[in-house]
Amino acid sequence: MPEHDKAPQYTPFFGVMGATSAMIFSALGAAYGTAKSGTGIAAMSVMRPELIMKSVIPVVMAGIIAIYGLVVAVVIAGGIDSAEYSLYKSFMHLGAGLSVGLSGLAAGFAIGIVGDAGVRGTAQQPRLFVGMILILIFAEVLGLYGLIVALILAVKQ
């Protein structure tokens, strides 16, 4: 490869930042969703301890958001090759990381808020449970959309 066709020395930085942002933002969303839902479970379990296991669903769904970020971070890290790593590819990796990371952050916030209010409400009115689950699924799918876009971007040549 001629010297003028080589990618700049800083090119891998953008790919690494994509992997980093995928993991950090999705983990932040998952942590917020877990913490917010967990406080609702703790408050609800004082009066209705038999509902604790049923109420853990929002925490599990929040944890899945972090897995989305982990998958994309691993795909990006595996695609960073010092020999033939172009600036274009590094920007695609940055976009992929931001896509899954920020959508995971938003999904985690939604899961946390709905999970907190949902488990507290379910303790008072059990018929609310199915509605809470449906809302949680719609919140979770926001993170899944980010994962799909991120995988498309990460594997693009």
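How many residues apart in helix α3 are R120 and D116? They sit four residues apart, about one turn of the helix. Before going further, keep in mind that this is a predicted model, where local features need pLDDT of at least 70, side-chain atom pairs count only at pLDDT 80 or more, and totals for chains, interfaces and linings use all residues. Residues are numbered from 1 along each chain as its sequence is written, and side-chain values use heavy atoms, with hydrogens and water left out.

Back to that pair. The side chains of R120 and D116 meet in a salt bridge, 2.7 Å from N to O (the term means a side-chain nitrogen of Lys or Arg within 4 Å of a carboxyl oxygen of Asp or Glu). D116 also meets K36 in a salt bridge, this time at 3.5 Å. Since D116 lies in helix α3 and K36 in helix α1, the pair ties together parts that are 80 residues apart in sequence. With 10% relative accessibility, D116 counts as buried, while K36 is partly exposed at 27% and R120 is partly exposed at 38% (buried is under 20% relative accessible area, exposed over 50%, partly exposed in between, using a 1.4 Å probe and protein chains only).

The whole structure has three salt bridges. Another one of them joins R48 and E50, at 2.7 Å. Here R48 is partly exposed at 26%, and E50 is exposed at 54%.

Now for the helices (DSSP runs of H or I, at least four residues, numbered from the N terminus). The axes of α1, residues 11-47, and α3 come within 7 Å and cross at roughly 0° (axes are lines fitted to C-alpha atoms over the stretch in contact, and angles run from 0 to 180 degrees between N-to-C directions). That makes α1 and α3 roughly parallel, a label for angles under 35 degrees, with roughly antiparallel kept for those over 145. Their contact has 21 nonpolar, 18 polar and three charged residues (nonpolar covers Ala, Val, Leu, Ile, Met, Phe, Trp, Tyr, Cys and Pro; charged covers Asp, Glu, Lys and Arg; the others, Gly among them, are polar).

Helix α3, residues 87-124, also packs with α4, residues 128-155, at about 175° with axes 7 Å apart. These two are therefore roughly antiparallel. The contact of α3 with α4 holds 21 nonpolar, ten polar and two charged residues.

Methods
Parallel < 35°, antiparallel > 145°, perpendicular 65-115°, else oblique.
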